[in-house]
Structures are given as C-alpha cells and as structure tokens.
Amino acid sequence: MFSRLCTIQGTITKSSKLLNQSMSTNKNLAYVNGKWVGATSGKTFPVMNPADCSTIDCVPDMNVTDTRLAIDAAAKSFETFQKTLAKERSEMLRAWYNLLVKHSEELAEIMTKENGKSLEESRAEVRYGNSFVEWFSEEARRINGEVLQSPFKNRELFLIKRPVGVAAFITPWNFPHAMITRKAGAAIAAGCTCVIKPSEDTPLTALALAHLAEEAGFPAGVMNILTTSLENSVAVGQELCHNPKVRALSFTGSTAVGKILYQQCASTMKRLSLELGGNAPYIVFDTADVNLAVTGAMASKFRNSGQTCISANRFFIHSKVYDEFVCKFLTRIESEIKMGDGSKKGNTHGPLIKESQLKIVSNLVNDAKTKGATIHCGGKPLPDIGSLFYAPTVITDVTRDMEIYGKEIFGPVAVIHKFDDEEEVLQRANETPVGLAGYFYSGDISQIYRVARNLQVGMIGVNEGLISCTEAAFGGIKESGIGREGSSHGIDEYVDIKYVCIGNVQH
C-alpha cells in the first residue's frame, strides 16, 4: 500500500484531479491497530482546500465507538511495547525520520492543499516537524534514572523512569505535521502508544505521517489516527479525557478548549500537557536596530498568514523609533508579501483556514476602524484572490475600547502602539492572562537582562523573531498552558518516576 501511495503522491502537482484520485484511493481511511479502516457508522466528511474551497477528499467521521476501539488497540499494544529496548525505539523512530525526509516534498504538497500555507512555509514546517522525530530518536536512549545516596546502611535507593501508558493527542490545523511529530516522537521514545485526533481541517497530513510510520515498522496499535468531523469532535475529545485507559493527554489549541479538557481529565487524573493560546507582545526599544526589528516582525507576524500561536500580536514601539519602524514595516509588507494559492510559484502567503476565522478577523478590524483606529494598509478581505484571503493589515491608534486591543487575532493583522517608558511597556505587555511567547529588541545589555526576567511569558525572542527549534523547551505560563514540548524536557510528559527502595542489603 505504501509504495502505491508514494507513486500516487508524486503526481500531486500535476493536476487537482489526480490529487483527488490519489486521496480517495490511498489516504481516505483512518489508521487503527495497524489497519486502514472506515468509521463504524460508514460516515465520512469532506476535507477542503482553503485556497479555492474545493473538496480535496472525504475521510471517515470517527465517533466514540471508533475512539474506544483505537484506545483499546493502543492499550493492548502498550502491554508489549513498554518492554521494548530504548535502542529498538530509537531505531524505529530513526527509520520513521528517514522516510519523512525522503518524502518531505509530498508531505509539503499535501499540507499546502489542506492548510493553505505556501509551499515554502510547508517545506519549512516539514523540516521542523521531522527534526522532532530525529531528536527523540536520540533522546530515547537517554531516559536515565538515578542512584540515590541512602540515609541507611542496609538500603539501596533508585529512581527509574517508566512510560505512563496510552497517550492521546488532539492536534491543531495550523501546524498539522509538527504538532503530531513533536508529541508522538516524545511519547514513543518513552515507550508509550498513541491515539491521535488531528484537526478536522487537516487530517490528510496526519494520515500521510501514519503511512510512513507503518512503512518504518511501527507495531500495530503504537500509532492510531482518528479522523473526526467538527460534529463528532466534542464527543471524541470527551472519550479521550474520560477513558481510564488513556493515561496522558496532550492538546495544542485555544485556552478556552484547554480549560474544558483540563476539567474533563480530572476524573481519571491523567498526565496533562496543554499548549494554549498566546497574545505575544513585540517590543522595540529606542536602542534597537530598527531594520533588524522590522525583519523579525515580518517573520513573526505574517508566518502562516498570522495563524500561529506565538505570532507577534501586540506591537509596542518606542516613540523615538516609532515613525521609522512603521514606515519600513509598511514598505516591507508591500514589497515582500504576495497573497495567493500557496501551491503556485511566487505566492508567499495563503488564505485563512475557514470562513469563521475570516469573519473573526474582519469583525475585529471593522470594529477598530469604526471606533477611530487608523488603517495603514489592508483592512479588508481579498475576494478577487479567493473567499478566505485577508489582506496584510497594519493598524495604529488602537484604544482599549476596541475589541482588537486585547485579542489574539490569529490573522495577518498587526496592531501597533507607541510607548515611552520601559516600566510602562512591561506593564502593558504583562496585563493579559496568557503568557506563551514574547519578543523585544534592544541594544542595551542591562535592559535585555531586566526585560527578559520581567516579561511574563514562557518563551522570549531577544533581537530575534523566529525562536522555535527542536532543542528548546516549547510552552507557556499563566493561561497559556502546562508542560513543555521538544527539548530534553519533552520526554518528561510521558514518563513516571518510580522510586525503588531495596532493604536489608548485606554489605
């Protein structure tokens, strides 16, 4: 089956008709217990291309019954998988990584079709997502325990690490590849088995990852993919939270949904990892290199058309460099951003993911405009390109009575404020209940240390707009979540520390 998939995937760019045929033949089934299956109900739902709102394919609409079957398969597989050697898991993940690299272009093309981001952005995400599998293939052999110094002469004390069990993942549409590999790589390295519910908007990338995992030799039940429509998502999510066989749940998404999952997991006291919403401040001090700050702003704000949890959301520019920054920022937007179908050469930025997201962004901008904000560019949809495209937008003169003032926009809209004092800007930057990422630009080393200590976020970019990498611990503070992903700490979410005391040892 996998060889047929690769042959078909190679034709993706030739025509949308062939793409549809490849999807319906090879990638329109869920993956449970090592088998490609439909929903027990027989129902399916369409996957749309946001660039032109065409249907790419239909996939199974899995429900609670299907979810329990997947959980049971993962639990059964865990009985044996937890006993595998770290070296065996390392080699298995490495085999998966090698296949992900080999088929990177096919993965990027699939992602662009269902997510809308440009091919260049999709390729970058594939490289980023692949790197987590490579990293955790190496970390698998470094899940070490501890030998403790005993307070008693006849006792030996140890700490060992054991996999928690079945891990469930609920992953988002904005990074459909990396959010799966970042979670699954760590869990599998630790010896856990997985049940993955990808976003209803981007299930095809998840199914492609499963094809490659199958080819890499993953045992049946180690990785399970449940494709679920919006209609069934709530019930499936509840089952993942309430089912006692699931011992860990990891979710990337909004703070509102994260709070619901947090409550639902309480009944079984699951290990919980939540990477939730952000509202990243982007501060440019008067000592900053303005050109460098503008370059960072372009990357941080407009990557994936602003649909990124760590995107710069609230720009605070010192009054001494305010006019220069705004002018150069507008010039770069005009010269560097080309909206359009991400699969077409030359287009740098794609559409928003769906109509509801477009309405949210439009309403926020229109409210600000009505209440007196200044729109320097954009500020409107681009129906001539496609029904889900929104123009890159820069807004100033935003006041607290405007809805956009404290909102995570999740679109290509930059709200720029002016400030004069470091203490003042830190207070404004920290006044939100969330704290995922933050950015600031400064040439004053003392200020860099001060602001880095006092900015209430889990990740900080200093004179840098792109901060994500495999080696770094990804996660937030306050209402932006619990736990960390990536880095050596990513394994911690999927292991239990077990204390062993051996008594009456004769020395």
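The paragraphs below walk through selected helices, strands and single residues of this structure.

This is a predicted model, in which local features need pLDDT of at least 70, side-chain atom pairs count only at pLDDT 80 or more, and totals for chains, interfaces and linings use all residues. Residues are numbered from 1 along each chain as its sequence is written, and side-chain values use heavy atoms, with hydrogens and water left out. Helices (H or I, at least four residues) and strands (E, at least two) are DSSP runs, numbered from the N terminus.

Start with the helices. Two packed helices are described by the angle between their axes and the distance between the axes. Here axes are lines fitted to C-alpha atoms, for helices over the stretch in contact, and angles run from 0 to 180 degrees between N-to-C directions. Helix 4 spans residues 86-102. Its axis and that of helix 6 come within 8 Å and cross at roughly 160°. That makes helix 4 roughly antiparallel to helix 6. Angles under 35 degrees count as roughly parallel, over 145 as roughly antiparallel, 65 to 115 as roughly perpendicular, and the rest as oblique. The crossing of helix 4 and helix 6 is left-handed. A crossing has this hand if the near helix is turned anticlockwise from the far one by less than a right angle, and is right-handed if clockwise.

Which residues make the contact between helix 4 and helix 6? From helix 4 come Ser90, Leu93, Arg94, Trp96, Tyr97, Leu100 and Val101. They meet Asn130, Val133, Glu134, Phe136, Ser137 and Glu138 in helix 6. Contact means heavy atoms within 4.5 Å. These residues divide into 7 nonpolar, 3 polar and 3 charged. Ala, Val, Leu, Ile, Met, Phe, Trp, Tyr, Cys and Pro count as nonpolar, Asp, Glu, Lys and Arg as charged, and the others, Gly among them, as polar.

Helix 6 (residues 119-139) also packs with helix 5 (residues 104-115). Their angle is about 125°, and their axes are 8 Å apart. Helix 5 is therefore oblique to helix 6. The crossing of helix 5 and helix 6 is right-handed. Ser104, Glu105, Leu107, Ala108, Glu109, Met111 and Thr112 supply the helix 5 side. Leu119, Ser122, Arg123, Glu125, Val126 and Asn130 supply the helix 6 side. By class, this contact has 5 nonpolar, 4 polar and 4 charged residues.

Is asparagine 130 buried or exposed? Asparagine 130 is buried, with a relative accessible area of 3%. Buried means under 20% relative accessible area, exposed over 50%, and partly exposed in between (1.4 Å probe, protein chains only). Not counting residues up to four places away in sequence, asparagine 130 touches Tyr97, Leu100, Val101, Ser104 and His177.

Now the strands. Strands of a sheet pair through backbone hydrogen bonds, either parallel or antiparallel. Two strands pair if DSSP finds at least two bridges between them. An open sheet of 3 strands has the order 5-6-22, with antiparallel pairing. Strand 5 (146-148) and strand 22 (495-502) are its edges, and each pairs on one side only. Neighbouring strands of this sheet are turned by 25° against each other on average, direction ignored. Strand 6 (residues 156-163) pairs with strand 22 over 8 bridges. Proline 163 stands opposite valine 495 there.

Strand 22 also holds cysteine 501. Cysteine 501 is partly exposed, at 37% relative accessible area. Leaving aside neighbours within four places in sequence, cysteine 501 is in contact with Arg155, Glu156 and Leu157.

Strand 7 (residues 166-170) is mostly covered, with 5 of its 5 residues buried. Val166, Ala168 and Ile170 point one way, and Ala167 and Phe169 the other. Strand 7 runs parallel to strand 8 (residues 193-197), paired over 5 bridges. Alanine 167 faces cysteine 194 in strand 8.

An open sheet of 7 strands has the order 14-15-16-13-12-18-19 and mixed pairing. Its edge strands are strand 14 (374-377) and strand 19 (459-462). The twist averages 20° from one strand to the next. Within this sheet, strand 12 (residues 280-284) and strand 13 (residues 312-318) pair in the parallel sense over 5 bridges. Valine 284 stands opposite isoleucine 317.

Last, the backbone. Most residues other than glycine have a negative phi, and most peptide bonds are trans. Phenylalanine 410 has a positive phi, near 55°. Phenylalanine 410 lies in the loop between strand 15 (393-396) and strand 16 (413-419), and is buried at 16% relative accessible area. Lysine 478 has a positive phi of about 50°. Lysine 478 sits in strand 20 (residues 477-478) and is partly exposed, at 37%.
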